[in-house]
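Try each task yourself before you read the solution.

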Amino acid sequence: MQDITKPRDANDVAEAIASAAANEKRMELIGRGTKREIGRSTQTDATLDLSSLSGITLYEPEELVLSARAATPIAEIERALEENKQELAFEPMDYGPLLNKTPGEGTVGGAVAAGLSGPRRIKAGAARDFMLGVSAVSGRGEIFKAGGRVVKNVTGYDLPRLLAGSWGTLAAMTDITLKVLPRAEDCATVLVSGLSDIRANEAMSAAMGSSCEVSAAAHLPQWPADRIPELNAPGKAITALRLEGIAQSVAYRKQKLEELLRPFGELGSLDANRSRAFWKSTRDVAPFAGRTERPVWKISTTPALAPGIAAGISTSAGARYYFDWAGGLLWLEMPSDKTQEGAVRTALAGRGHATLIRASAAARASAEVFEPLDPVRAAISRRLKASFDPQGVLNPGRIYAEA
Amino acid sequence: MVAMPTPDNSVLERREKIVAALREIVPGEGVIANDVAMRPYESDGLTAYRQLPMVVVLPETTAQVSKILHYCYAEGVKVVPRGAGTSLSGGALPLADGVLLGLGKFNKVLEIDYANRAVVAQPGVTNLGTTKAVEGKGFYYAPDPSSQIACSIGGNVAENSGGVHCLKYGLTTHNVLGVEMVLMTGEVVRFGGKHLDAEGYDFLSLIIGSEGLLGVVTEVTVRILKKPETARALLVGFPTSEAAGDCVAKIIGAGIIPGGMEMMDKPAIHAAEAFVNAGYPLDVEALLIVELDGPEAECSHLMESVSAIAKDCGAVTLRVSNSEEERLKFWAGRKAAFPAVGRISPDYYCMDGTIPRAKLPLVLSKMREFSEKYGLQVANVFHAGDGNLHPLILYDANKEGELQRAEDFGNDILRLCVEVGGVLTGEHGVGVEKRDLMPTMFNQTDLDQQLRVKCAFDDKGLLNPGKVFPQLHRCAEMGRMHVHAGKTAFPDLPRF
């Protein structure tokens, strides 16, 4: 059985990593282990269980800042924020439902390391956009800090943002400082039904290019739309646009957005409560939950290109799909246990990036999970990895074979 | 004064050869080698520092930039990139033994893509030029540093520029989608594009704000936004800066994120009013400009909430803009604050620390003590919403020792910012100016990790050396890992 080390604090983490480096051991970093099945299959000698590094250490609502130890549950942070009518504006998604695990178990460190963002990504930004500061242990076993606790800071390289989305391959984060924002008082969703993918893309583009301040835009073809109970409109594709803010403003913008979208198709709407439920389902990829044997891909691309890419993969591989981020985010579920990597990468043709989010260990071992890089970027990625972790102690091979 | 690296004689001796090689790459007037013609490049916005470069080169294509860097890499010649030269921290200060690489000829907007709300521009396009390219259709580029008429998008990327609206709309790093960049080796690489997030490591996060130390950006893709329907401003005077600070905290505590929220202290108010007659009250200690934008219904509702909070915090004057003209007038004084201070003092030194907002009264009172200690006046303008403080230290460079006193005063302020939990620079960059203060914020391990990242991009340390980092080490030394052999593994950790 694999060696498990459970450090109590940052000094323990530094000692454990330094020791692993000295003994040429490779470590798998885990918080609460909710995303262990994402990424390339890797061989490690030991597990560094960071789950004891938990708890909010600073929260000043009027300064819009919150610091927490890396393995603090997101749910705990969201509860504290909610008491002050604030939120994590990047709306971190929860992979629990998609991976058939208990929902709501993830940690803040995991959310940041995996770069999780939800539907509000297009308006508020990604997880990394809220990273103000970090304390972490490099693969050398050295504790370093970067950034700070203030919103505006250009002192030194932006390592906190870099660590977001690095999947624990550069450093083990021990303390994270995030910018938080007020939670919108009200929200509503405008629905357009029956649109083709291309027409829906145009509708979302028109909405995003208006002054309605749309905070989320998704298009679900009929099959996935039928699997979101809040929609209650079986048999139709649904295009959904969310508005958030103070009540007067939401009401005004809703009217304006409806005027803009009327020429596209039949309109409907969701009130605040149904909106929240709908966007949570969309965020957590509820339409593809459950069937864990079927690979799920996540594609980030130029919004206007998405319908063509989806059609390509659907034709060649029989995938089901839906669009978030006004088209820029494409979720695809494959019809069998085959990843169909060739079909996905051929259709995307380098115009963005595709990540295999759900697949068996065997499938992940035979596919490139992350978008392959050109030689220049691959080389600089290796050098960057080595600048933090020269001996490849931390999650080696989780993203790329050499990183 | 901060010292720059000693020029390398072996490079200076080869100057003729280097100039000739650069002329091979960039023909005609694109290479400038005589002192008179190089004079405009000797300094940037931090004018206390001046140095003629060895040679200036002004390429026009990415291929030329690639060849220049490839040549300099092979020959071991240092390179300093320069955008519009508006840096306030000396980021584009030339080196006597270095090539100054000016991106001024990269001045075209390459693509406007309304469907995907993106603009692709060359780095020499000005910040305002980006907005101008799309404003006909009601769009704009959100970051708006006060130098936006002159400063370039490439420079904004290098410095991660902010502006008065970044509390709500973010900094450069939140608004850039992709870059094309040339590495010191001459390799051309693209990070990002019109899609969101990165494949693998997020290099954009590193490059934005890297102060020209990691690569030379040759193309930038930014996101554009639709202009808000309306914008209105409030002008609020307070009897104390504490009351004004309290008001800022309460506005944010009430869940309101204004488009802009700026504070000025009495000396800044008086200087600005004398310069532009913005109608500022002169008998208050602190003035707050709060701008709210969005639909009319939202603006008027929030206007009422903010007014009520301001009155509650003891505001003594309160005016709401009733027209676009009046709103712009409220801003005119704030936007002209730097030149206004320039009128009342032969020279001024602009600082750029950020503090947790709650520490403002403490920092201002300490600043008054420093002001007495150094015998120099200070005026403060403050991006109040995000805690970014711009003290303007008034001095006269022609008076013996005043520049040094101004610098010492400034350093004391920045150390104080760090002490209260803030940082050395909010938006102007470290550059030359704050380089030697880096150890007040970072220990050697922190700095070493940053230097190792630098080495991953520039293993010979040729790109903009002497900036940001107080000590230069060879990358080979930085890469070594000292392992304490024989140490037992995890001696006192719980095991399972």
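**Exercise 1.** How many residues of chain A are in contact with chain B, and how many of chain B with chain A?

*Solution.* Keep in mind that this is a predicted model.
- Step 1: Two residues are in contact if their C-beta atoms lie within 7 Å.
- Step 2: Counting this way, 82 residues of chain A are in contact with 83 residues of chain B.
- Step 3: On chain A's side, helix H13 (residues 375-388) of chain A contributes the largest share, 7 residues.
- Step 4: Sorted by type, the side of chain A that touches chain B has 33 nonpolar, 28 polar and 21 charged residues.

**Exercise 2.** Find how domain 2 of chain A meets domain 3 of chain A.

*Solution.* 
- Step 1: Locate the domains of chain A: domain 1 (1-183), domain 2 (186-283) and domain 3 (286-366).
- Step 2: Between the C-alpha centres of domain 2 and domain 3 of chain A there are 23 Å.
- Step 3: Here 17 residues of domain 2 of chain A are in contact with 14 residues of domain 3 of chain A.
- Step 4: On the domain 2 side, H6(A) gives the most, with 6 residues.
- Step 5: That side of domain 2 of chain A divides into 10 nonpolar, 5 polar and 2 charged residues.

**Exercise 3.** Where in chain B is the pLDDT below 50?

*Solution.* 
- Step 1: The pLDDT is below 50 over residues 485-491 of chain B.
- Step 2: Where pLDDT is low, predicted coordinates should not be read in detail.

Methods:
Residues are numbered from 1 along each chain as its sequence is written. Chains are lettered from A and ligands numbered from 1 in the order in which they are written. This is a predicted model: local features need pLDDT of at least 70, side-chain atom pairs count only at pLDDT 80 or more; totals for chains, interfaces and linings use all residues. Helices (H or I, at least four residues) and strands (E, at least two) are DSSP runs, numbered from the N terminus. Ala, Val, Leu, Ile, Met, Phe, Trp, Tyr, Cys and Pro count as nonpolar, Asp, Glu, Lys and Arg as charged, and the others, Gly among them, as polar. Domain bounds come from an automatic or database domain assignment. pLDDT is the predictor's confidence in each residue, from 0 to 100.
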